[in-house]
Amino acid sequence: MRRRDDTGSTGLFIAAATAYAVNVALGASVALRLIDTRRFRWLHHALYVATCATSVSALVAGWSRGARTAGRRAALALLPAAVPLAAIPYLGTHTRRHPLVSLAAAPFIVAGLVLSRSAADRK
């Protein structure tokens with residue numbers, strides 16, 4: 001039987017962090033001119049959409065666990081990442097601001113992941 005505070009959503013936090021990390025790695029590789037994505041620019045956009053979708057899914061799953069649960073704490077840690085993720089399309093992509101805004105989400109994504117994993121370890 002599962003306890004109420006068992007997040008059960010750890011996989012979504014892992015998916016969100018993975019999508020974010022892959023997207024950052026691709027963006028950095030393009031910025032450093034290690035990879036040329038002119039022929040498949042859509043990939044970076046698809047990874048951005050995947051990052052946003054998995055982050056929202058993790059937030060909803062964690063939040064739905066109820067007050068004073070590990071899932072809720074993980075969701076609250078992830079929640080501030082929504083601000084930079086939502087701002088990215090509106091701030092321009094060909095300036096130095098783009099990677100800085102993108103990286104502003106990193107601490108919150110990592111915190112959500114860590115809290116979701118620590119909750120899973122307590123079962």
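Visitor: Hi! Which is G71, buried or exposed?

Guide: G71 counts as buried, because its relative accessibility is 0%. Buried stands for under 20% relative accessible area, exposed for over 50%, and partly exposed for what falls in between (1.4 Å probe, protein chains only).

Visitor: What kind of model is this, and how are residues numbered?

Guide: This is a predicted model in which residues are numbered from 1 along each chain as its sequence is written, and side-chain values use heavy atoms, with hydrogens and water left out. Local features need pLDDT of at least 70 and side-chain atom pairs count only at pLDDT 80 or more, while totals for chains, interfaces and linings use all residues.

Visitor: Back to G71. Where does it sit?

Guide: G71 belongs to helix α3, which runs over residues 70-78. Helices (H or I, at least four residues) and strands (E, at least two) are DSSP runs, numbered from the N terminus.

Visitor: How many residues of α3 are buried?

Guide: Seven of its nine residues are buried, so the helix is described as mostly covered. They are A70, G71, R72, A74, A75, A77 and L78.

Visitor: And what about distance: how far is G71 from S116?

Guide: Their C-alpha atoms are 6.3 Å apart in space, while 45 residues separate G71 and S116 in sequence. Another such pair is G11 and T54: 43 residues apart in sequence, with 9.8 Å from C-alpha to C-alpha. G11 is part of helix α1 and is partly exposed, because its relative accessible area is 46%.

Visitor: Let's zoom out. How many helices and strands are there?

Guide: The protein has six helices and zero strands, giving the pattern α-α-α-α-α-α along the sequence. Buried residues account for 36% of the 123 residues.

Visitor: Which residues does UniProt mark as "transmembrane region"?

Guide: The unreviewed UniProt entry puts that annotation on residues 12-34, 46-63, 75-92 and 98-116. Positions are given in the numbering used here, feature names are shortened, and annotations may be inferred rather than shown by experiment. In the model, residues 75-92 are 56% helix and 0% strand, with end C-alpha atoms 28 Å apart. Residues 98-116 are 89% helix and 0% strand, and their end C-alpha atoms also lie 28 Å apart.

Visitor: New topic: what is on the surface around L32?

Guide: L32 forms a nonpolar surface patch with V30, L34 and I35, and together they have about 370 Å² of accessible area. Patches are made of residues with over 30% relative accessible area and no salt bridge; like charges are joined within 9 Å, and nonpolar side chains (Val, Leu, Ile, Met, Phe, Trp, Tyr) within 5 Å. Areas come from the Shrake-Rupley method with a 1.4 Å probe, and for residues only the protein chains shown count as cover. L32 is in the loop between α1 (10-31) and α2 (42-63), and counts as exposed because its relative accessibility is 62%.

Visitor: Last one: what lies over the face of W63?

Guide: That is R72, at 3.8 Å from the ring centre. A charge sits over a ring if NZ of Lys or CZ of Arg is within 6 Å of the ring centre and within 35 degrees of the ring normal.

Notes: Salt bridge = Lys/Arg side-chain N within 4 Å of Asp/Glu carboxyl O.
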